[in-house]
Amino acid sequence: MERTQSHLEEKDLHPIPGMAGLLLCILGLLLGVLFIVAGAVLFRRGLPLALSIILACLLILASSIGFAGLKVINPNEALVLALFGTYYGTLKHAGFFWVNPFCSGINPAAKVTGHTTAAASGSININLGESSLSKKVSLKTMTLNNEKQKVNDQLGNPIEIGTVVIWQVVNATKAVLNVENYKTYLSIQCDAITRNTARRYPYDTSEDDEQTLRSSTQEVADIMKRELQAKVEDAGILVKEIRITRLAYAPEIASAMLQRQQAAAIIDARQKIVEGAVSMVDMALQKLSENDIVELDEERKAAMVSNLLVVLCGNKDAQPIVNSGSLY
């Protein structure tokens, strides 16, 4: 019965120390040379040296092959090993070890040092880091910079959005064996999640209780993190954090949207001014009536209200006109 990717279990190897393997290989080479010298001495005495030469060649060959089994694992690194096409085990502990020399490290991501994903406005260059010569899988915390891409929000407005993903490989075996290239896989999934999430929310709205990309940045980033983690779980990747680094209207509508925001701001400001002016006029009329300063008929009250509203709601300072004659 074929095993599925999700049921792949990581086998933690506990090999012999590397110094012991190195000493054994060196001892084998020395013994090979010793057998050759002993065979030469025996040959001078008239004894056949075929057996001595065969033993020397076998020892030298085995010792030379044994050097290939020496592996150095640095901190926060792992090496996934395969033996003749079969998963053999994973070295996760830092140190110097000796393993079966016929085992080979596998890491498809080591063949690529960078990756480019397409976006609506061009290409997104993702720096993926590691050297192409190393088969080791880094377990360090890394950053994926998913630069700006153009998408449409819930209202159909084109926007530019960019994200940064803080991630780490927690299962090197899954990262190497479950997907072709775990770095490319993460980059493409991040691109797709960013697009899908941006389409579900408007960039901005006039309603205060509605979630938007601009006002609910942290909530949107948390949703993206959960969805991306679910996608890369089988790749042995842990998504630690997602941050939105860029959020703006696309250049072709940025000017129009700026005018719309300015108009909305002006309307809100005027509304506050009118509300304040009406309350001040009402207070002035009440004070005049309560203190018996002057009695005004309805026509004079209307004129006073009109003058006060013009003064309080005008864009410029009003020029006062002093009445030196009778009010009536």
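1. The accessible surface of the protein chain is about 20000 Å², and carbon and sulfur atoms account for 58% of it. Accessible areas come from the Shrake-Rupley method with a 1.4 Å probe; for residues, only the protein chains shown count as cover.

2. This is a predicted model: local features need pLDDT of at least 70, side-chain atom pairs count only at pLDDT 80 or more, and totals for chains, interfaces and linings use all residues. Residues are numbered from 1 along each chain as its sequence is written, and side-chain values use heavy atoms, with hydrogens and water left out.

3. The protein chain has seven helices and twelve strands. Both are DSSP runs numbered from the N terminus: helices are H or I with at least four residues, strands are E with at least two. Of the 328 residues in the protein chain, 34% are buried. Buried means under 20% relative accessible area, exposed over 50%, and partly exposed in between (1.4 Å probe, protein chains only).

4. Take contacts in the protein chain between residues at least 6 apart in sequence: 67% join residues at least 24 apart. A contact means heavy atoms within 4.5 Å.

5. Three strands form an open sheet in the order E1-E5-E2, with antiparallel pairing. Strands E1 (16-17) and E2 (70-73) stand at the edges with a single partner strand each, so one side of each has no neighbour in the sheet. Two strands pair if DSSP finds at least two bridges between them. Four bridges link E2 to strand E5 (residues 95-98) in the antiparallel sense. Leu70 stands opposite Trp98 in E5.

6. Strand E3 (residues 77-83) has seven of its seven residues buried, so it is largely enclosed by the rest of the structure. Both faces are covered. Glu77, Leu79, Leu81 and Leu83 are buried on one side; Ala78, Val80 and Ala82 are buried on the other. In a regular strand the side chains alternate between the two faces of the sheet.

7. E3 and E4 (residues 86-91) run antiparallel, joined by five bridges. Val80 stands opposite Thr90 in E4.

8. E3 also has antiparallel pairings with E9 (residues 137-138), through two bridges, and with E6 (residues 104-105), through two bridges. Glu77 has Ser138 in E9 as its bridge partner. For Leu81, the bridge partner in E6 is Gly105.
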